[in-house]
Amino acid sequence: RVARRSAVDQRADTQRQIKTLIVTAPDELRARLRGLTVKQLINTCANLRPDRADAATPTTAVKLALRSLARRHQQLTTEITDLDELLQPLVTAINPGLLAANGVGADTAGQLLVTAGENHDRLISEAAFAMLCGVAPIPASSGKTTRHRLNRGGDRQANCALYRVVLCRLRGDPRTRAYAERRTKEGMSKKEIIRCLKRYVARELYQIITINDLELAG
């Protein structure tokens, strides 16, 4: 998990550096790379063939830098894929039911299992798990308005894992989409809807995570 997170962060940084270089690149090169998808951009930059002897010119210097960054991006992608292949059987062996849950992949399941395993003494209820993941609602009422706000506390990696599950379900789960549409008509903002959905997901996944009496904590 630690190695994968590091690789993902580095890949994101590399991608931002590539896009920053393109913004300041000579017009001809910028026009060539504009409008490409991320995959197309990485492949195009990785296959650039600049003349190393001409590295003093701006265009060649940018091409050399882009090629280096793009190949680094590809290497990190390969590393992430390899780590995912290792994580899948580990998560399956610990809690296959978690992977079977809608919207939960190996990376998300692995993070939630790590969070639960490192804090097994705090998992006394699904409400405690929600607080641990930073999805327990915090009252933010004012006057006649009753509402709650997003919780900025808890394990942020676990919070991100639940967020990914919600986004996945919003894209492909009819019940989740119906809930979001109903709440939108009631006047709730997108952030408030996602907050509610993360809380519901935490309740559901808590039952799956603790089904083995927290053997993962050992």
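Tutor: One term before we start: a residue is called buried when its relative accessible area is under 20%, exposed when over 50%, and partly exposed in between. Keep in mind too that this is a predicted model.

Student: How many residues does H8 have, and how far does it reach?
Tutor: H8 has 17 residues and reaches 25 Å from its first C-alpha to its last, close to the 24 Å expected at 1.5 Å a residue.

Student: What goes on at the start of H8?
Tutor: There, a side-chain oxygen of Asp-155 comes to within 2.9 Å of the backbone nitrogen of Gln-157.

Student: Cys-168 isn't on your buried list. Where is it, and how does it count?
Tutor: Cys-168 sits in helix H8. Its relative accessibility is 30%, so Cys-168 counts as partly exposed. Setting aside residues up to four places away in sequence, Cys-168 touches Gly-103 and Asp-173. Also, Cys-168 and Val-104 are 64 residues apart in sequence, but their C-alphas are 8.4 Å apart in space.

Student: Let's zoom out. How many helices and strands does the protein chain have?
Tutor: The protein chain has 10 helices and two strands. Along the sequence the pattern runs α-α-α-α-α-α-α-β-β-α-α-α.

Student: How much of the chain is buried?
Tutor: Buried residues make up 38% of the 218 residues in the protein chain.

Student: Is H6 enclosed or open, and why?
Tutor: 11 of its 13 residues are buried, so H6 is largely enclosed by the rest of the structure. The buried residues include Asp-107, Gln-111, Leu-112 and Leu-113.

Student: Which helices do the buried residues of H6 pack against?
Tutor: They pack against H1, H4, H5, H7, H8 and H10.

Student: H5 is on that list. What can you tell me about Leu-99?
Tutor: Leu-99 lies in helix H5. At 18% relative accessibility, Leu-99 counts as buried, because the cut-off is under 20%. Leaving aside neighbours within four places in sequence, Leu-99 is in contact with several residues, among them Gln-88, Val-91, Ala-106 and Ala-109. And Leu-99 and Ile-208 are 109 residues apart in sequence but 9.7 Å apart in space, C-alpha to C-alpha.

Student: New topic: pockets. How much space lies in the largest pocket?
Tutor: About 230 Å³.

Student: Which helix gives the most to its lining?
Tutor: H10, with four residues. H8, H9 and H10 each supply at least two.

Student: Which residues line the largest pocket, and of what class?
Tutor: The lining includes Asn-102, Val-166, Arg-169, Tyr-179, Tyr-200 and Glu-204. By class, the lining has five nonpolar, two polar and four charged residues. Val-166 and Arg-169 also turned up among the buried residues of H8.

Student: Last one: Thr-59 and Thr-60. Buried or partly exposed?
Tutor: Thr-59 is partly exposed, with a relative accessible area of 31%, whereas Thr-60 is buried, at 8%. Thr-59 is found in helix H4, and Thr-60 is in helix H4 too.

Student: What are they in contact with?
Tutor: Leaving aside neighbours within four places in sequence, Thr-59 is in contact with Pro-26 and Leu-29. On that basis too, Thr-60 is in contact with Pro-50, Asp-51, Asp-54 and Ala-55.

Student: Which side chain does Thr-60 make a polar contact with?
Tutor: That of Thr-57, at 2.9 Å.

Student: And how far apart are Thr-59 and Leu-29?
Tutor: They're 30 residues apart in sequence and 7.4 Å apart in space, C-alpha to C-alpha.

Conventions
Residues numbered from 1 in each chain as written. Predicted model: local features only at pLDDT ≥ 70, side-chain atom pairs only at ≥ 80, totals over all residues. Heavy atoms only, no water. Buried < 20%, exposed > 50% of the residue type's maximum accessible area, 1.4 Å probe, protein only. Contact = heavy atoms within 4.5 Å. Polar contact = N/O pair within 3.5 Å; in protein donor to acceptor, adjacent residues only side chain to side chain. 1 Å grid on protein atoms, 1.4 Å probe; cavity = no way out; pocket = protein on both sides within 12 Å on 5 of 7 lines; lining within 4 Å. Points joined across faces, edges and corners; volume = space filled by probe spheres on them. Nonpolar A, V, L, I, M, F, W, Y, C, P; charged D, E, K, R; others polar. Expected span 1.5 Å × (residues − 1).
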